[in-house]
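Thank you all for coming; please take a moment to look at the chain on the screen, and then I will walk through it slowly.

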Amino acid sequence: MAYFAAYVTVDESTLYIQGGTNVATSAIAYNQFYSLDLTQSWNTSNPLWSEVTTAGPIPARLKTGFHSISFSQHSKTMMFWDMSNYPSYSVGLNLDTKIWEELPAPPPLSDPHNQIVCKAATDPTTNRVYIPGCSSNGTSMLMYDPSLKSSTALAMPSKGNDTIWSGYTFIWNDVRRRQPMENTAHKGTKEYQ
């Protein structure tokens with residue numbers, strides 16, 4: 001059984017899940033990579049999981065727990081974000097060619113021992129990736145622009161007592177052009193632009 005895997009849906013038709021770790025023995029991490037066809041009917045005893053094969057092995061530097069995946073519609077690329085380990089690491093996987101490509105290294109957090117769990121979301125209109133809490137020790141947002149292949153730290157509004165944005169899940173909301181988020185540990189939903 002694996003926990004803290006990265007996941008993303010592509011075109012609302014395929015769910016991808018990669019990695020995970022064994023919580024009982026956190027030293028065990030899994031390189032598993034599966035997809036689930038969401039357009040077909042299936043039952044819980046026989047889901048339509050398929051192993052994802054790539055042109056090369058999963059990059060050795062990609063840690064497979066506490067990481068995140070975002071999807072770029074423009075380039076048909078899944079981008080993997082390992083922000084909870086030091087140094088930070090990011091890599092892309094093109095869905096057409098199945099080839100891995102290292103992305104520019106995200107700027108490290110100012111305290112490399114502060115291992116926060118950051119999740120990414122992509123704005124489909126600009127292709128920019130937003131990773132709240134992954135800059136300046138978890139108090140600002142990292143924005144990655146694939147057209148420039150560079151990252152920028154953006155200020156985030158204060159949310160009361162929230163000083164470290166770790167353990168949240170983020171999605172992009174096209175209608176509001178912002179990311180709703182949920183901290184599953186607190187069972188509450190908060191929003192920001």
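With which residue does glutamate 101 form a salt bridge, and how far apart are the closest N and O atoms? The partner is lysine 149, and the closest N and O atoms are 3.5 Å apart; a salt bridge here is a side-chain nitrogen of Lys or Arg within 4 Å of a carboxyl oxygen of Asp or Glu.

Before I go on, please keep in mind that this is a predicted model, in which local features need pLDDT of at least 70 and side-chain atom pairs count only at pLDDT 80 or more, while totals for chains, interfaces and linings use all residues. Residues are numbered from 1 along each chain as its sequence is written, and side-chain values use heavy atoms, with hydrogens and water left out.

Let me stay with the charged pairs, of which the structure holds two that count as salt bridges. Side chains of opposite charge can pair when their charged atoms come close. Glutamate 101 forms its salt bridge with lysine 149, and this pair links distant parts of the chain, since glutamate 101 sits in strand 8 (residues 100-102) and lysine 149 in the loop between strand 11 (140-145) and strand 12 (150-155), 48 residues apart. Strands are DSSP runs of E, at least two residues long, numbered from the N terminus. Glutamate 101 is partly exposed, at a relative accessible area of 44%, and lysine 149 is partly exposed at 46%; buried means under 20%, exposed over 50%, and partly exposed in between, using a 1.4 Å probe and protein chains only.

The other salt bridge joins arginine 128 to aspartate 145, with the closest N and O atoms 3.4 Å apart. Here arginine 128 lies in the loop between strand 9 (121-122) and strand 10 (129-135), whereas aspartate 145 belongs to strand 11, 17 residues apart.

Now to the aromatic rings, where a search of the whole structure finds six pairs. Rings of Phe, Tyr and Trp (its six-membered ring) pair if their centres lie within 6.5 Å, and planes under 30 degrees apart count as stacked, over 60 as edge-to-face and the rest as tilted. Phenylalanine 80 and tryptophan 100 form a tilted pair, 5.2 Å centre to centre with 55° between the planes. Phenylalanine 80 lies in strand 6 (residues 77-82) and tryptophan 100 in strand 8, so the pair ties together parts that are 20 residues apart in sequence.

Finally, a word on confidence: pLDDT, the predictor's confidence in each residue, runs from 0 to 100. The chain has a mean of 79, and 75% of its residues reach 70 or more, yet pLDDT stays under 50 over residues 181-193. Where pLDDT is low, the predicted coordinates should not be read in detail.

How values were computed:
Helix = DSSP H or I, 4+ residues; strand = E, 2+ residues; numbered from the N terminus. Contact = heavy atoms within 4.5 Å.
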